Amino acid sequence: MSEYRPSWLTEDLAIFQQSVRRFVAEELVPHEERWAKQQHVDRETWLKAGEMGMLCPGIPEEYGGGGGNHAHNAIIGYETYRAIASSMGTNVHSAISAHYILRYGTEEQKQRWLPKMASGELITAIAMTEPGAGTDLQNIKTKAIRDGDHYVINGSKTFITNGYLADLILLVCKTDPSQRAKGISIIVLEVKDLPGFRRGRILDKIGQKGQDTSELFFDDVRVPVTNLLGTEEGKGFVQLMQQLPEERMFIAMNALGAMERALEETIKYTKERKVFGNPLLDMQNTRFKLAEMQTTVTIAQTFLNDCLDKMVRHELDAITAAKAKWWASTQTCQIIDECLQLHGGYGYMLEYPIARLYINTRPMRIYGGSNEVMKDLIARTL
Ligand SMILES: Cc1cc2nc3c(=O)[nH]c(=O)nc-3n(C[C@H](O)[C@H](O)[C@H](O)COP(=O)(O)OP(=O)(O)OC[C@H]3O[C@@H](n4cnc5c(N)ncnc54)[C@H](O)[C@@H]3O)c2cc1C
């Protein structure tokens with residue numbers, strides 16, 4: 001993106017991108033430091049984002065969304081990571097949770113939840129990971145046992161993005177604990193004043209400190225069976241597998257935003273910083289490093305543009321998405337590490353953007369399916 005104009009970026013999307021960039025600069029960037037201290041975004045910002053059309057842009061207008069496609073979601077992720085203003089969990093809310101409800105929800109569920117998600121009145125989280133089950137998702141222990149017209153839910157989740165603020169939680173649980181994948185369902189919990197539901201700590205992370213990543217606890221929580229996402233139990237794992245390629249592609253686009261910003265910051269810094277009387281950029285090592293990084297960024301733009309084109313056409317396959325996710329997240333971490341090195345000691349100071357990029361991008365190699373798992377998926381097709 002930046003000077004580069006990808007083929008999926010239509011005139012309408014370019015206008016949308018400008019308004020996202022403005023919103024990010026005016027409503028997110030100035031608050032990031034304060035949010036990092038309080039460990040969460042202000043709820044009012046979610047409402048403002050809703051007013052400005054920044055939430056659920058890929059959801060049809062009849063459900064309150066922007067009527068766009070996944071390119072709209074990708075732009076938001078890319079812009080927030082480029083601006084180092086990713087505390088607001090819009091990826092999880094708009095690009096992931098909303099599309100689960102759109103794709104698998106009943107008409108009643110879509111009408112009930114999507115318009116309020118688009119307005120920011122409802123903030124969502126998707127809760128898969130447990131203390132004892134991350135990558136091995138089929139081994140989750142949180143269970144929802146049917147009791148008449150209700151499910152009784154017991155268990156706990158950890159590392160949940162938007163966990164502290166969430167009003168609506170897409171809970172991945174076992175409706176049949178005797179099974180692995182086939183026992184998994186997604187149940188949508190409206191958690192306001194829900195007896196037995198409790199939030200734990202907002203977790204103290206290395207970076208992304210303004211993001212309210214939390215623990216969640218469920219003790220005999222009762223929800224109506226109509227809160228099962230869709231109409232059939234045991235479909236949760238298939239639903240997750242179908243949606244994960246898109247989630248991985250969004251992570252890759254976030255990585256692209258971060259690597260472009262890192263390079264831009266470092267070129268600027270090395271032009272200004274004098275060593276031995278000359279700009280740091282004049283040293284051959286600096287020039288070679290930056291030339292290599294710029295080449296990588298160009299390759300990333302070209303590859304990810306192609307992937308996004310495919311995603312918009314609903315043609316992105318799981319293996320290509322896995323390649324995009326592991327490669328882009330690895331490259332961004334490498335580039336940012338090299339860029340930090342070129343900043344010297346200043347690179348280690350949080351007031352410098354490169355330091356914040358360094359801590360914020362690290363988990364990209366872990367979440368959304370770890371990079372090792374991505375390579376395993378690819379290797380299985382060899
Ligand atoms: C900032 C952040 C936000 C998150 N947000 C959410 C969220 O909103 N919702 C949610 O549900 N979860 C979320 N997660 C959790 C994330 O998805 C998990 O951390 C991730 O799936 C890895 O699981 P784990 O931490 O249990 O690691 P483990 O599964 O214990 O993995 C440990 C190591 O073993 C490796 N490994 C595991 N299996 C294999 C294998 N088969 N082959 C080779 N290596 C393997 C992994 O790659 C990893 O390096 C978040 C995590 C972070 C850090």
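**Figure 1. Lining of the largest cavity in the predicted model.** Among the elements around the largest cavity, α1 contributes the most to the lining, with 4 residues. The model shown here and in the other views is predicted. The cavity is lined by V20, F23, V24, L28, M54, I76, T80, M88 and T90. Two elements, α1 (11–28) and α4 (70–82), each give two or more residues to this lining. Sorted by class, the lining holds 7 nonpolar and 2 polar residues, and no charged ones.

**Figure 2. Volume of the largest cavity and the cavity count.** The largest cavity has a volume of about 50 Å³. The count of cavities of 30 Å³ or more comes to 3.

**Figure 3. Residues around the ligand.** The ligand is surrounded by 13 residues, and the closest are T129, T135, T161, S370 and E372. Both β1 (124–127) and β3 (150–160) supply at least two residues of this shell. By class, the shell divides into 7 nonpolar residues, 5 polar residues and 1 charged residue.

Figure 4. For T129, a polar side-chain atom lies 2.7 Å from a nitrogen atom of the ligand. For T161, a polar side-chain atom is 2.8 Å from a nitrogen atom of the ligand. I126 takes part through its backbone: one of its polar backbone atoms is 2.9 Å from a nitrogen atom of the ligand. Taken alone, the ligand exposes 980 Å², and the protein buries 63% of that area.

**Figure 5. The second largest pocket.** The second largest pocket holds about 550 Å³ of space. Its lining consists of 20 residues, and those that lie nearest the centre of the pocket are E32, E33, A36, L350 and R356. At least two lining residues come from each of α2 (32–38) and α10 (353–361).

**Figure 6. Make-up of the lining of the second largest pocket.** With 4 residues, α2 provides the largest share of the lining of this pocket. E32, E33 and R356 are among the residues nearest the centre of the pocket. For the lining of the largest cavity, by contrast, the class count has no charged residues.

Terms used. Residues numbered from 1 in each chain as written. Predicted model: local features only at pLDDT ≥ 70, side-chain atom pairs only at ≥ 80, totals over all residues. Heavy atoms only, no water. 1 Å grid on protein atoms, 1.4 Å probe; cavity = no way out; pocket = protein on both sides within 12 Å on 5 of 7 lines; lining within 4 Å. Points joined across faces, edges and corners; volume = space filled by probe spheres on them. Near = heavy atom within 4 Å. Polar contact = N/O pair within 3.5 Å; in protein donor to acceptor, adjacent residues only side chain to side chain. Areas by Shrake-Rupley, 256 points an atom, 1.4 Å probe, with all protein chains shown as cover. Nonpolar A, V, L, I, M, F, W, Y, C, P; charged D, E, K, R; others polar.
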